[in-house]
Amino acid sequence: AVDFGWTSNRGNFGVTGALSYVDTEFTSEFRNVEGDSLKGSRVPRTPQMTGEVGLDYSFLFRGGWTLKTRLNARYHGSYPLDEIRGSPHQDEFALYDATLKLRSPRGHYELSVSGLNLSDEVYGMSSMARPFACPGECYALTSPLGQFDQVITSAIGRQFVIRLTAKL
């Protein structure tokens, strides 16, 4: 993992970022609920490559009011959603966020407006076989879970947040 950050001499502009490569796999004998050996398989819910870049800029107005802006982009590589063979995979995706903060001269009041996941990306976080859902006639416990209906837990899409903070 590599992290970086830079701030201008005046302190009103900054760039931050991170890049991470994770090569995770089951290195010893591990059996999933179906009894399959996962040795050598990728660990689920773990993208190999992730990255993030953020830009900050602040404006100082007359009277001491400050407006801060932040733009952020995050990248996630593809990853398996479960340790069951044949389970769904999440494709690579990017998320974009933006924030505006207006702060009073002494910091007693702050109004912020944030847009999270502005690209409205709905991505999978995990998956599993739907409980009690069985394809055809599968009354035996030996039916592979990959044949069952799959349920995917997903993140919510675009969000907007408005926050007013008062320190009295």
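This is a predicted model: local features need pLDDT of at least 70, side-chain atom pairs count only at pLDDT 80 or more; totals for chains, interfaces and linings use all residues.
**Close-up views of side-chain contacts**

**View 1. Glu-110 and Arg-163 form a salt bridge with an N-to-O distance of 3.9 Å.** Glu-110 is buried at 17% relative accessibility. Arg-163 is partly exposed at 45%.

**View 2. Ser-114 sits in strand 8.** Its relative accessible area is 13%, so Ser-114 is buried. The Ser-114 side chain makes a polar contact with the side chain of Thr-99 at 3.1 Å. Leaving out residues up to four places away in sequence, Ser-114 touches Ala-98, Thr-99, Gln-159, Phe-160 and Val-161.

**View 3. Arg-74 and Asp-97 meet through their side chains in a salt bridge, 2.7 Å from N to O.** Arg-74 belongs to strand 4 and Asp-97 to strand 7, 23 residues apart. Arg-74 is partly exposed at 27%. Asp-97 is buried at 11%.

**View 4. Asp-56 and Arg-70 form a salt bridge at 2.8 Å, N to O.** Asp-56 is in strand 3 (residues 49-60) and Arg-70 in strand 4 (residues 66-76), 14 residues apart. Asp-56 is partly exposed at 28% relative accessibility. Arg-70 is partly exposed at 26%. The structure holds five salt bridges.

**View 5. Five aromatic pairs are counted.** In the pair Phe-93 and Tyr-123, the ring centres are 4.3 Å apart and the planes at 15°, so the pair is stacked. Phe-93 is in strand 7 (residues 93-103), and Tyr-123 is in the loop between strand 8 and strand 9. Phe-93 and Tyr-123 are buried. Ring pairs also link Trp-6, Phe-13, Tyr-57 and Phe-59 into a cluster.

Notes: Residues are numbered from 1 along each chain as its sequence is written. Side-chain values use heavy atoms; hydrogens and water are left out. Rings of Phe, Tyr and Trp (its six-membered ring) pair if their centres lie within 6.5 Å; planes under 30 degrees apart count as stacked, over 60 as edge-to-face and the rest as tilted. Helices (H or I, at least four residues) and strands (E, at least two) are DSSP runs, numbered from the N terminus. Buried means under 20% relative accessible area, exposed over 50%, partly exposed in between (1.4 Å probe, protein chains only). A polar contact is a pair of N or O atoms within 3.5 Å; within protein, one must be able to donate a hydrogen and the other to accept it, and residues adjacent in sequence count only if both atoms are side-chain atoms. Contact means heavy atoms within 4.5 Å. A salt bridge is a side-chain nitrogen of Lys or Arg within 4 Å of a carboxyl oxygen of Asp or Glu.
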